[in-house]
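Colleague: I am new to this structure and would like to learn how to read it one feature at a time. Could you take me through it slowly?

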Amino acid sequence: MAGYRALYRKWRPVRFEDVVGQLPIVTALQNQICMDRVGHAYLFTGTRGTGKTTCAKIFAKAVNCVNQHNGDPCGECEICKGIDDGSILDVVEIDAASNNGVDSIRDLRDETAYTPGICRYKVYIIDEVHMLSIAAFNALLKIMEEPPPHIIFILATTEIHKVPATIRSRCQRYDFGRIQPAEIAKRLEYVAQQEAIALDNNAAELIARLADGALRDGLSILDTCASVSEQVNIELVRQMAGVTERGYLFSISNALSEQKAVDALEEIAKLRQKSIDLRRLTEELIAHYRNLLLAKIAQKGELLGGISAEEEQEYLQAANNCSETVCIRAIRRLGNAIEQMSRGADQRIELELALFELCQPEQQSAIVQQPVHSSQPANTANNLPPIGGGGFKVTQPAPIQQPVQPVIEPEQKEQPIVSQPQKSVSVPTAKEAHALEPFENWQQIVEILKKKAPLLHANLKDSSAFCDGRRVLIDGTEIFLEYIRKNQSAKRVLKQTIEEVCGVRYGIGPYDKLKQPQETAAVNTEDTLKQLQAMGVDVEIQTTNYKGESEP
(Lines give C-alpha, C1' and ligand atoms only; values in the text may rest on other atoms or scores of the structure.)
Protein backbone atom coordinates (compact mmCIF):
# COMPACT_ATOMS: atom_id res chain seq x y z
CA MET A 1 0.00 0.00 0.00
CA ALA A 2 1.44 3.34 -1.07
CA GLY A 3 2.16 5.82 1.71
CA TYR A 4 0.85 9.34 2.03
CA ARG A 5 2.30 11.88 -0.40
CA ALA A 6 2.72 15.49 0.57
CA LEU A 7 0.45 17.91 -1.25
CA TYR A 8 3.30 19.77 -2.92
CA ARG A 9 4.50 16.47 -4.46
CA LYS A 10 1.07 15.12 -5.30
CA TRP A 11 -0.05 18.34 -7.00
CA ARG A 12 3.21 19.22 -8.77
CA PRO A 13 2.26 20.25 -12.34
CA VAL A 14 2.77 17.54 -14.98
CA ARG A 15 1.92 19.74 -17.95
CA PHE A 16 2.68 23.32 -18.89
CA GLU A 17 -0.96 24.33 -18.57
CA ASP A 18 -0.84 23.42 -14.87
CA VAL A 19 2.09 25.76 -14.11
CA VAL A 20 0.94 28.77 -12.07
CA GLY A 21 2.20 32.31 -12.47
CA GLN A 22 4.86 31.78 -15.18
CA LEU A 23 2.83 32.27 -18.37
CA PRO A 24 5.52 34.12 -20.44
CA ILE A 25 8.12 31.42 -19.76
CA VAL A 26 5.69 28.58 -20.43
CA THR A 27 4.60 30.16 -23.71
CA ALA A 28 8.19 30.59 -24.90
CA LEU A 29 9.10 26.99 -24.12
CA GLN A 30 5.96 25.63 -25.80
CA ASN A 31 6.63 27.66 -28.94
CA GLN A 32 10.18 26.32 -29.19
CA ILE A 33 8.90 22.75 -28.99
CA CYS A 34 6.14 23.34 -31.55
CA MET A 35 8.56 25.03 -33.99
CA ASP A 36 11.28 22.42 -33.37
CA ARG A 37 13.77 25.12 -32.34
CA VAL A 38 14.95 23.53 -29.12
CA GLY A 39 18.23 24.89 -27.74
CA HIS A 40 21.03 22.87 -26.25
CA ALA A 41 21.26 24.71 -22.88
CA TYR A 42 18.74 26.52 -20.65
CA LEU A 43 19.20 28.44 -17.41
CA PHE A 44 16.21 28.74 -15.05
CA THR A 45 16.67 31.22 -12.20
CA GLY A 46 14.39 32.52 -9.47
CA THR A 47 13.42 32.15 -5.82
CA ARG A 48 12.38 28.87 -4.26
CA GLY A 49 9.02 27.32 -5.05
CA THR A 50 8.41 29.20 -8.30
CA GLY A 51 8.50 26.19 -10.66
CA LYS A 52 12.06 25.98 -12.01
CA THR A 53 12.61 22.24 -11.55
CA THR A 54 8.97 21.50 -12.39
CA CYS A 55 9.21 23.29 -15.74
CA ALA A 56 12.53 21.53 -16.43
CA LYS A 57 10.91 18.11 -15.98
CA ILE A 58 7.88 19.06 -18.10
CA PHE A 59 10.20 20.36 -20.82
CA ALA A 60 12.22 17.13 -20.72
CA LYS A 61 9.01 15.13 -21.26
CA ALA A 62 7.68 17.45 -23.96
CA VAL A 63 10.78 17.29 -26.19
CA ASN A 64 10.68 13.48 -26.05
CA CYS A 65 6.91 12.86 -26.07
CA VAL A 66 5.65 11.11 -29.20
CA ASN A 67 2.11 12.49 -28.79
CA GLN A 68 2.79 16.03 -27.59
CA HIS A 69 0.06 18.57 -28.33
CA ASN A 70 0.78 22.31 -28.62
CA GLY A 71 4.10 21.85 -26.87
CA ASP A 72 2.57 19.95 -23.93
CA PRO A 73 3.45 16.31 -23.14
CA CYS A 74 0.55 13.89 -23.32
CA GLY A 75 1.35 12.23 -20.02
CA GLU A 76 -0.01 8.91 -21.28
CA CYS A 77 2.73 7.48 -23.48
CA GLU A 78 5.43 5.17 -22.17
CA ILE A 79 8.07 7.88 -22.36
CA CYS A 80 6.04 10.35 -20.26
CA LYS A 81 5.20 7.69 -17.69
CA GLY A 82 8.78 6.41 -17.63
CA ILE A 83 10.16 9.89 -17.03
CA ASP A 84 7.62 10.46 -14.24
CA ASP A 85 8.47 7.26 -12.39
CA GLY A 86 12.22 7.46 -13.10
CA SER A 87 12.48 4.23 -15.07
CA ILE A 88 13.85 5.97 -18.21
CA LEU A 89 17.51 6.87 -17.76
CA ASP A 90 17.69 9.34 -20.65
CA VAL A 91 16.48 12.12 -18.35
CA VAL A 92 18.99 12.59 -15.53
CA GLU A 93 18.44 14.94 -12.57
CA ILE A 94 21.62 15.92 -10.73
CA ASP A 95 21.76 17.70 -7.37
CA ALA A 96 24.76 19.99 -7.62
CA ALA A 97 24.70 20.63 -3.88
CA SER A 98 25.82 17.06 -3.16
CA ASN A 99 27.62 16.39 -6.46
CA ASN A 100 29.64 19.55 -6.81
CA GLY A 101 33.05 18.07 -7.52
CA VAL A 102 34.87 17.95 -10.83
CA ASP A 103 34.76 14.14 -10.91
CA SER A 104 30.95 14.18 -11.09
CA ILE A 105 31.01 16.50 -14.10
CA ARG A 106 33.74 14.44 -15.78
CA ASP A 107 31.55 11.34 -15.44
CA LEU A 108 28.70 13.33 -16.96
CA ARG A 109 30.97 14.35 -19.86
CA ASP A 110 31.81 10.71 -20.55
CA GLU A 111 28.10 9.79 -20.57
CA THR A 112 27.22 12.46 -23.13
CA ALA A 113 29.15 10.56 -25.79
CA TYR A 114 26.43 7.90 -25.84
CA THR A 115 23.17 8.40 -27.71
CA PRO A 116 19.82 8.15 -25.89
CA GLY A 117 18.44 4.65 -25.36
CA ILE A 118 14.72 5.36 -25.89
CA CYS A 119 14.16 9.11 -26.08
CA ARG A 120 15.00 11.58 -28.80
CA TYR A 121 17.10 13.75 -26.47
CA LYS A 122 19.16 12.98 -23.43
CA VAL A 123 18.31 15.72 -20.92
CA TYR A 124 20.48 16.64 -17.93
CA ILE A 125 18.75 18.72 -15.24
CA ILE A 126 21.33 20.19 -12.85
CA ASP A 127 19.59 21.66 -9.82
CA GLU A 128 21.29 24.31 -7.63
CA VAL A 129 24.01 24.62 -10.24
CA HIS A 130 25.62 27.55 -8.38
CA MET A 131 26.95 25.02 -5.84
CA LEU A 132 29.45 23.57 -8.33
CA SER A 133 33.13 24.17 -7.69
CA ILE A 134 35.27 26.25 -10.05
CA ALA A 135 36.90 23.13 -11.48
CA ALA A 136 33.47 21.56 -12.03
CA PHE A 137 32.24 24.69 -13.81
CA ASN A 138 35.27 24.57 -16.09
CA ALA A 139 34.57 20.94 -16.92
CA LEU A 140 30.90 21.72 -17.57
CA LEU A 141 31.89 24.61 -19.82
CA LYS A 142 33.95 22.30 -21.99
CA ILE A 143 30.88 20.14 -22.63
CA MET A 144 28.54 23.09 -23.27
CA GLU A 145 30.87 24.71 -25.80
CA GLU A 146 30.33 21.98 -28.40
CA PRO A 147 27.64 19.60 -27.12
CA PRO A 148 26.41 16.61 -29.14
CA PRO A 149 23.12 17.26 -30.97
CA HIS A 150 21.22 14.80 -28.79
CA ILE A 151 22.12 16.54 -25.48
CA ILE A 152 20.07 19.22 -23.67
CA PHE A 153 21.25 20.88 -20.45
CA ILE A 154 18.78 22.57 -18.09
CA LEU A 155 20.47 24.42 -15.21
CA ALA A 156 18.40 25.64 -12.25
CA THR A 157 19.63 28.06 -9.59
CA THR A 158 18.39 30.44 -6.93
CA GLU A 159 21.63 32.49 -6.95
CA ILE A 160 22.33 33.48 -10.54
CA HIS A 161 25.20 35.79 -9.54
CA LYS A 162 27.27 32.75 -8.52
CA VAL A 163 27.09 31.19 -12.00
CA PRO A 164 30.10 32.19 -14.14
CA ALA A 165 29.43 34.49 -17.06
CA THR A 166 30.94 31.95 -19.46
CA ILE A 167 28.19 29.50 -18.48
CA ARG A 168 25.40 32.10 -18.59
CA SER A 169 26.39 33.25 -22.06
CA ARG A 170 25.88 29.76 -23.49
CA CYS A 171 22.37 29.31 -22.09
CA GLN A 172 18.92 30.63 -22.80
CA ARG A 173 18.04 32.37 -19.55
CA TYR A 174 14.53 32.44 -18.06
CA ASP A 175 13.79 34.35 -14.86
CA PHE A 176 11.00 32.89 -12.73
CA GLY A 177 9.27 35.64 -10.77
CA ARG A 178 7.45 35.34 -7.48
CA ILE A 179 3.91 34.07 -7.87
CA GLN A 180 1.20 36.60 -7.03
CA PRO A 181 -0.79 35.94 -3.81
CA ALA A 182 -4.07 35.89 -5.76
CA GLU A 183 -2.80 33.11 -8.04
CA ILE A 184 -1.48 31.12 -5.07
CA ALA A 185 -4.82 31.45 -3.26
CA LYS A 186 -6.71 30.30 -6.36
CA ARG A 187 -4.48 27.24 -6.71
CA LEU A 188 -4.84 26.42 -3.00
CA GLU A 189 -8.62 26.54 -3.25
CA TYR A 190 -8.51 24.18 -6.23
CA VAL A 191 -6.24 21.70 -4.42
CA ALA A 192 -8.38 21.91 -1.27
CA GLN A 193 -11.51 21.18 -3.31
CA GLN A 194 -9.92 18.13 -4.89
CA GLU A 195 -8.67 16.88 -1.52
CA ALA A 196 -12.04 17.46 0.22
CA ILE A 197 -10.53 20.10 2.53
CA ALA A 198 -12.85 22.90 3.66
CA LEU A 199 -10.70 25.99 3.05
CA ASP A 200 -12.35 29.40 3.38
CA ASN A 201 -11.30 32.41 1.33
CA ASN A 202 -9.70 34.35 4.20
CA ALA A 203 -7.55 31.35 5.16
CA ALA A 204 -6.44 30.88 1.55
CA GLU A 205 -5.47 34.56 1.30
CA LEU A 206 -3.50 34.39 4.55
CA ILE A 207 -1.63 31.27 3.40
CA ALA A 208 -0.88 33.00 0.09
CA ARG A 209 0.64 35.98 1.92
CA LEU A 210 2.71 33.73 4.18
CA ALA A 211 3.98 31.77 1.15
CA ASP A 212 5.81 34.91 -0.06
CA GLY A 213 5.54 34.05 -3.74
CA ALA A 214 6.40 30.34 -3.38
CA LEU A 215 3.52 28.00 -4.26
CA ARG A 216 5.34 25.04 -2.70
CA ASP A 217 5.44 26.84 0.66
CA GLY A 218 1.73 27.56 0.39
CA LEU A 219 0.90 23.90 -0.24
CA SER A 220 3.09 22.88 2.70
CA ILE A 221 1.22 25.26 5.03
CA LEU A 222 -2.11 23.93 3.75
CA ASP A 223 -0.88 20.38 4.31
CA THR A 224 0.10 21.22 7.88
CA CYS A 225 -3.27 22.78 8.67
CA ALA A 226 -5.22 19.93 7.04
CA SER A 227 -3.43 17.45 9.27
CA VAL A 228 -5.04 19.14 12.28
CA SER A 229 -8.58 19.66 10.96
CA GLU A 230 -10.43 19.30 7.68
CA GLN A 231 -12.00 22.68 8.42
CA VAL A 232 -9.18 25.10 7.63
CA ASN A 233 -10.10 28.61 8.69
CA ILE A 234 -8.05 31.73 9.31
CA GLU A 235 -7.74 31.07 13.06
CA LEU A 236 -6.24 27.64 12.43
CA VAL A 237 -3.78 29.05 9.88
CA ARG A 238 -2.66 31.72 12.34
CA GLN A 239 -2.17 29.13 15.05
CA MET A 240 -0.21 26.66 12.91
CA ALA A 241 1.88 29.31 11.11
CA GLY A 242 2.78 31.16 14.31
CA VAL A 243 1.02 34.42 13.48
CA THR A 244 -1.90 36.16 15.11
CA GLU A 245 -4.63 38.51 13.94
CA ARG A 246 -3.32 41.62 12.19
CA GLY A 247 -5.03 43.98 14.60
CA TYR A 248 -1.94 43.84 16.83
CA LEU A 249 0.04 45.59 14.09
CA PHE A 250 -2.21 48.64 14.27
CA SER A 251 -2.08 48.56 18.09
CA ILE A 252 1.72 48.67 18.06
CA SER A 253 1.97 51.37 15.39
CA ASN A 254 -0.62 53.53 17.20
CA ALA A 255 1.33 53.23 20.45
CA LEU A 256 4.51 54.24 18.67
CA SER A 257 2.88 57.26 17.00
CA GLU A 258 1.57 58.41 20.41
CA GLN A 259 5.04 57.81 21.94
CA LYS A 260 3.65 55.32 24.44
CA ALA A 261 6.56 52.93 24.80
CA VAL A 262 4.96 51.06 27.70
CA ASP A 263 1.87 50.17 25.64
CA ALA A 264 3.98 48.93 22.73
CA LEU A 265 6.20 46.80 24.99
CA GLU A 266 3.17 45.36 26.77
CA GLU A 267 1.74 44.33 23.40
CA ILE A 268 5.00 42.55 22.57
CA ALA A 269 4.90 40.76 25.92
CA LYS A 270 1.34 39.54 25.25
CA LEU A 271 2.30 38.24 21.81
CA ARG A 272 5.34 36.48 23.22
CA GLN A 273 3.15 34.68 25.74
CA LYS A 274 1.21 33.30 22.76
CA SER A 275 4.47 31.84 21.38
CA ILE A 276 4.56 34.27 18.46
CA ASP A 277 7.86 34.16 16.57
CA LEU A 278 9.43 37.59 17.19
CA ARG A 279 11.51 37.59 14.03
CA ARG A 280 8.41 36.98 11.92
CA LEU A 281 6.62 39.63 13.98
CA THR A 282 9.38 42.11 13.11
CA GLU A 283 9.07 41.22 9.43
CA GLU A 284 5.32 41.75 9.61
CA LEU A 285 5.84 45.15 11.24
CA ILE A 286 8.10 46.13 8.34
CA ALA A 287 5.44 45.01 5.87
CA HIS A 288 2.85 46.89 7.96
CA TYR A 289 4.75 50.17 7.76
CA ARG A 290 5.34 49.56 4.07
CA ASN A 291 1.58 49.27 3.55
CA LEU A 292 1.06 52.45 5.57
CA LEU A 293 3.63 54.24 3.40
CA LEU A 294 2.04 53.04 0.16
CA ALA A 295 -1.43 53.97 1.39
CA LYS A 296 -0.14 57.42 2.40
CA ILE A 297 1.53 58.04 -0.96
CA ALA A 298 -1.18 56.67 -3.26
CA GLN A 299 -4.25 57.52 -1.14
CA LYS A 300 -5.75 54.48 -2.84
CA GLY A 301 -5.46 50.74 -2.45
CA GLU A 302 -4.04 49.77 -5.83
CA LEU A 303 -0.50 49.45 -4.42
CA LEU A 304 -1.60 47.30 -1.49
CA GLY A 305 -1.37 43.71 -2.65
CA GLY A 306 -2.13 40.54 -0.74
CA ILE A 307 -4.57 42.02 1.79
CA SER A 308 -8.33 41.83 2.17
CA ALA A 309 -10.73 44.66 1.36
CA GLU A 310 -11.35 45.29 5.08
CA GLU A 311 -7.62 45.60 5.80
CA GLU A 312 -7.23 47.91 2.83
CA GLN A 313 -9.74 50.33 4.33
CA GLU A 314 -7.96 50.13 7.71
CA TYR A 315 -4.66 51.07 6.10
CA LEU A 316 -6.18 53.96 4.19
CA GLN A 317 -7.67 55.33 7.42
CA ALA A 318 -4.53 54.77 9.49
CA ALA A 319 -2.36 56.45 6.84
CA ASN A 320 -4.03 59.79 7.60
CA ASN A 321 -2.38 59.81 11.05
CA CYS A 322 1.07 58.68 9.91
CA SER A 323 3.69 60.60 7.93
CA GLU A 324 6.02 59.23 5.26
CA THR A 325 9.04 60.11 7.42
CA VAL A 326 7.75 58.04 10.34
CA CYS A 327 7.13 55.02 8.08
CA ILE A 328 10.57 55.20 6.48
CA ARG A 329 12.26 55.58 9.87
CA ALA A 330 10.36 52.58 11.26
CA ILE A 331 11.21 50.38 8.26
CA ARG A 332 14.90 51.19 8.52
CA ARG A 333 15.09 50.71 12.31
CA LEU A 334 13.18 47.42 12.23
CA GLY A 335 15.37 46.27 9.36
CA ASN A 336 18.43 46.90 11.53
CA ALA A 337 16.81 44.85 14.29
CA ILE A 338 16.36 41.89 11.93
CA GLU A 339 20.00 42.18 10.90
CA GLN A 340 21.06 42.00 14.56
CA MET A 341 18.75 39.01 15.10
CA SER A 342 20.46 37.16 12.26
CA ARG A 343 23.79 37.64 14.06
CA GLY A 344 22.53 35.79 17.12
CA ALA A 345 21.31 38.68 19.24
CA ASP A 346 18.33 38.18 21.56
CA GLN A 347 15.24 38.69 19.41
CA ARG A 348 13.05 40.14 22.12
CA ILE A 349 15.65 42.67 23.28
CA GLU A 350 16.38 43.84 19.73
CA LEU A 351 12.68 44.31 18.95
CA GLU A 352 12.01 46.12 22.24
CA LEU A 353 14.98 48.46 21.70
CA ALA A 354 13.75 49.23 18.20
CA LEU A 355 10.25 50.04 19.42
CA PHE A 356 11.58 52.15 22.28
CA GLU A 357 13.72 54.21 19.91
CA LEU A 358 10.79 54.68 17.56
CA CYS A 359 8.82 56.16 20.47
CA GLN A 360 11.38 58.91 20.88
CA PRO A 361 10.94 62.13 18.89
CA GLU A 362 13.33 62.44 16.00
CA GLN A 363 15.45 65.57 16.34
CA GLN A 364 18.52 66.87 14.64
CA SER A 365 21.45 67.48 16.96
CA ALA A 366 22.99 70.93 16.57
CA ILE A 367 26.59 69.99 15.83
CA VAL A 368 29.09 72.82 15.64
CA GLN A 369 32.23 72.12 13.68
CA GLN A 370 35.43 72.45 15.66
CA PRO A 371 37.84 75.18 14.59
CA VAL A 372 40.99 73.94 12.87
CA HIS A 373 44.35 74.49 14.54
CA SER A 374 47.64 74.15 12.77
CA SER A 375 49.07 71.80 15.43
CA GLN A 376 46.29 69.17 15.12
CA PRO A 377 44.16 67.74 12.32
CA ALA A 378 40.71 69.16 11.68
CA ASN A 379 37.82 67.37 13.37
CA THR A 380 34.51 67.03 11.61
CA ALA A 381 31.09 66.46 13.17
CA ASN A 382 31.45 62.74 12.64
CA ASN A 383 34.80 62.16 14.35
CA LEU A 384 34.81 64.51 17.33
CA PRO A 385 36.92 63.21 20.23
CA PRO A 386 35.22 61.50 23.18
CA ILE A 387 34.97 63.32 26.51
CA GLY A 388 36.69 61.60 29.42
CA GLY A 389 36.80 58.26 27.61
CA GLY A 390 33.01 57.90 27.82
CA GLY A 391 32.33 57.82 24.10
CA PHE A 392 29.96 60.82 23.96
CA LYS A 393 30.19 63.02 20.88
CA VAL A 394 30.92 66.70 21.46
CA THR A 395 28.12 68.96 20.27
CA GLN A 396 29.89 72.24 21.08
CA PRO A 397 33.36 73.38 20.09
CA ALA A 398 35.93 72.16 22.60
CA PRO A 399 38.71 74.52 23.69
CA ILE A 400 41.99 73.95 21.90
CA GLN A 401 44.94 73.35 24.14
CA GLN A 402 47.54 75.99 23.40
CA PRO A 403 51.22 75.64 24.36
CA VAL A 404 52.34 77.94 27.17
CA GLN A 405 54.14 80.95 25.72
CA PRO A 406 56.47 83.12 27.88
CA VAL A 407 55.44 86.74 28.43
CA ILE A 408 57.91 89.22 26.87
CA GLU A 409 57.97 92.83 27.86
CA PRO A 410 58.56 95.41 25.08
CA GLU A 411 61.98 96.39 26.41
CA GLN A 412 63.09 92.80 26.96
CA LYS A 413 65.88 91.71 24.59
CA GLU A 414 66.49 88.21 25.82
CA GLN A 415 64.09 85.25 25.46
CA PRO A 416 64.29 82.04 27.51
CA ILE A 417 64.30 78.87 25.49
CA VAL A 418 63.15 75.62 27.08
CA SER A 419 64.88 72.55 25.68
CA GLN A 420 62.95 69.38 24.77
CA PRO A 421 61.78 67.74 28.04
CA GLN A 422 62.58 64.13 28.71
CA LYS A 423 58.91 63.26 29.30
CA SER A 424 55.72 64.79 27.97
CA VAL A 425 53.92 67.11 30.40
CA SER A 426 50.67 68.88 29.57
CA VAL A 427 50.01 72.08 31.53
CA PRO A 428 46.34 73.09 31.39
CA THR A 429 45.43 76.70 30.76
CA ALA A 430 43.25 78.69 33.10
CA LYS A 431 40.34 78.54 30.66
CA GLU A 432 40.40 74.76 30.59
CA ALA A 433 40.74 74.23 34.31
CA HIS A 434 37.18 75.04 35.43
CA ALA A 435 36.29 73.86 38.90
CA LEU A 436 33.38 71.42 38.79
CA GLU A 437 30.28 72.33 40.73
CA PRO A 438 27.19 70.22 41.45
CA PHE A 439 24.51 70.71 38.83
CA GLU A 440 21.65 72.32 40.78
CA ASN A 441 18.85 71.47 38.34
CA TRP A 442 19.71 67.78 38.01
CA GLN A 443 16.98 66.35 40.27
CA GLN A 444 14.37 68.49 38.51
CA ILE A 445 15.54 67.13 35.15
CA VAL A 446 15.43 63.53 36.42
CA GLU A 447 11.89 64.08 37.70
CA ILE A 448 10.76 65.40 34.29
CA LEU A 449 12.25 62.32 32.59
CA LYS A 450 10.06 60.12 34.80
CA LYS A 451 7.09 60.84 32.52
CA LYS A 452 8.95 61.76 29.37
CA ALA A 453 11.33 58.77 29.17
CA PRO A 454 10.69 56.10 31.84
CA LEU A 455 13.61 53.88 30.85
CA LEU A 456 16.02 56.82 30.95
CA HIS A 457 14.63 57.90 34.35
CA ALA A 458 15.16 54.39 35.74
CA ASN A 459 18.87 54.66 34.94
CA LEU A 460 19.25 58.21 36.31
CA LYS A 461 17.13 58.24 39.48
CA ASP A 462 20.09 57.53 41.79
CA SER A 463 22.68 59.49 39.84
CA SER A 464 24.29 62.90 40.37
CA ALA A 465 25.70 65.44 37.95
CA PHE A 466 28.30 68.21 37.84
CA CYS A 467 28.76 71.17 35.50
CA ASP A 468 31.96 72.80 34.29
CA GLY A 469 30.25 75.67 32.49
CA ARG A 470 29.86 73.96 29.12
CA ARG A 471 29.13 70.30 29.89
CA VAL A 472 26.97 68.34 32.28
CA LEU A 473 29.04 65.41 33.57
CA ILE A 474 26.90 62.54 34.86
CA ASP A 475 28.04 60.29 37.70
CA GLY A 476 26.08 57.13 36.83
CA THR A 477 26.49 53.38 36.72
CA GLU A 478 28.47 51.52 34.06
CA ILE A 479 25.21 50.07 32.69
CA PHE A 480 23.83 53.56 32.15
CA LEU A 481 27.03 54.82 30.55
CA GLU A 482 27.00 51.88 28.12
CA TYR A 483 23.31 52.48 27.37
CA ILE A 484 23.65 56.23 26.75
CA ARG A 485 26.80 55.70 24.68
CA LYS A 486 24.96 53.49 22.17
CA ASN A 487 21.55 55.17 22.22
CA GLN A 488 21.51 58.36 20.18
CA SER A 489 17.82 59.06 20.74
CA ALA A 490 18.24 58.87 24.54
CA LYS A 491 21.08 61.40 24.35
CA ARG A 492 18.89 63.74 22.32
CA VAL A 493 16.07 63.51 24.85
CA LEU A 494 18.44 64.17 27.76
CA LYS A 495 20.01 67.22 26.08
CA GLN A 496 16.60 68.59 25.14
CA THR A 497 15.33 68.25 28.73
CA ILE A 498 18.43 70.00 30.12
CA GLU A 499 17.93 72.84 27.65
CA GLU A 500 14.23 73.16 28.55
CA VAL A 501 15.00 73.45 32.27
CA CYS A 502 18.14 75.62 32.13
CA GLY A 503 17.63 77.53 28.90
CA VAL A 504 21.20 76.66 27.87
CA ARG A 505 22.38 74.01 25.43
CA TYR A 506 24.89 71.87 27.34
CA GLY A 507 26.96 68.98 26.14
CA ILE A 508 26.87 65.79 28.18
CA GLY A 509 29.56 63.33 29.25
CA PRO A 510 30.55 60.88 31.96
CA TYR A 511 31.94 62.09 35.29
CA ASP A 512 35.36 60.59 35.95
CA LYS A 513 36.77 61.50 39.36
CA LEU A 514 40.27 60.44 38.37
CA LYS A 515 40.41 62.67 35.32
CA GLN A 516 38.90 65.94 36.56
CA PRO A 517 41.19 68.98 36.12
CA GLN A 518 42.43 70.72 39.25
CA GLU A 519 41.77 74.40 39.76
CA THR A 520 44.75 76.35 38.45
CA ALA A 521 45.47 80.06 38.26
CA ALA A 522 47.05 81.85 35.34
CA VAL A 523 50.63 80.78 34.85
CA ASN A 524 53.51 83.06 33.94
CA THR A 525 56.90 82.03 32.61
CA GLU A 526 58.74 81.60 35.91
CA ASP A 527 55.92 79.64 37.53
CA THR A 528 55.77 77.31 34.54
CA LEU A 529 59.50 76.59 34.71
CA LYS A 530 59.32 75.98 38.44
CA GLN A 531 56.45 73.52 37.96
CA LEU A 532 58.39 71.63 35.31
CA GLN A 533 61.48 71.45 37.54
CA ALA A 534 59.38 70.26 40.48
CA MET A 535 58.05 67.46 38.27
CA GLY A 536 61.59 66.22 37.67
CA VAL A 537 61.99 67.63 34.17
CA ASP A 538 65.46 68.86 33.25
CA VAL A 539 65.06 72.47 32.20
CA GLU A 540 67.90 74.30 30.51
CA ILE A 541 67.52 78.07 30.25
CA GLN A 542 69.33 79.83 27.43
CA THR A 543 69.39 83.49 26.47
CA THR A 544 69.93 85.01 23.10
CA ASN A 545 72.08 88.14 22.66
CA TYR A 546 71.37 90.91 20.23
CA LYS A 547 73.52 89.12 17.57
CA GLY A 548 71.28 86.05 17.67
CA GLU A 549 73.93 83.87 19.36
CA SER A 550 72.95 81.55 22.23
CA GLU A 551 74.56 82.08 25.62
CA PRO A 552 74.25 79.80 28.67
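Predicted model: local features only at pLDDT ≥ 70, side-chain atom pairs only at ≥ 80, totals over all residues.

Colleague: Is Asn64 buried or exposed, and how do I decide?

Modeller: The general idea is to look at the relative accessible area, since a residue is called buried when that value is under 20%. Asn64 has a relative accessible area of 4%, so it counts as buried. Setting aside its neighbours within four places in sequence, Asn64 is in contact with Ile79, Val91, Cys119, Arg120, Tyr121 and Val123.

Colleague: Which helix holds Gly82, and which residues does Gly82 touch?

Modeller: Gly82 is part of helix α4, made of residues 78-85, and it touches Ser87 and Ile88 when residues up to four places away in sequence are not counted. Gly82 is counted as buried because its relative accessibility is 4%. From C-alpha to C-alpha, Gly82 and Lys61 are 9.4 Å apart in space, while in sequence they are 21 residues apart.

Colleague: What should I look for when I turn to charged side chains?

Modeller: Side chains of opposite charge can pair when their charged atoms come close. In this chain the count comes to 18 salt bridges, and one of them joins the side chains of Lys260 and Glu258 at 3.2 Å, N to O. Lys260 is partly exposed, with a relative accessible area of 40%, and Glu258 is also partly exposed, at 49%.

Colleague: With which residue does Glu339 form a salt bridge?

Modeller: Glu339 pairs with Arg343, and their closest N and O atoms are 2.8 Å apart. Here Glu339 is partly exposed at 38%, whereas Arg343 counts as exposed at 59% relative accessibility.

Colleague: Which parts of the chain are linked by the pair of Glu500 and Lys452?

Modeller: The side chains of Glu500 and Lys452 meet in a salt bridge of 3.6 Å, N to O. This pair links distant parts of the chain, with Glu500 in helix α21 (residues 488-502) and Lys452 in helix α18 (residues 442-452), 48 residues apart.

Colleague: Where do Glu189, Asp200, Glu205, Glu235, Glu310 and Glu314 gather?

Modeller: They gather on the surface, in a patch of negative charge, and one of them, Glu235, is found in helix α11, residues 234-241.

Colleague: How many helices and strands are there in the chain as a whole?

Modeller: The chain has 22 helices and 14 strands, and 42% of its 552 residues count as buried.

Methods:
Residues numbered from 1 in each chain as written. Heavy atoms only, no water. Helix = DSSP H or I, 4+ residues; strand = E, 2+ residues; numbered from the N terminus. Buried < 20%, exposed > 50% of the residue type's maximum accessible area, 1.4 Å probe, protein only. Contact = heavy atoms within 4.5 Å. Patch = residues over 30% accessible without salt bridge, like charges linked within 9 Å, V, L, I, M, F, W, Y side chains within 5 Å. Areas by Shrake-Rupley, 256 points an atom, 1.4 Å probe, with all protein chains shown as cover. Salt bridge = Lys/Arg side-chain N within 4 Å of Asp/Glu carboxyl O. Lys, Arg positive; Asp, Glu negative; His and termini not counted. Charge placed at Lys NZ, Arg CZ, Asp CG, Glu CD.
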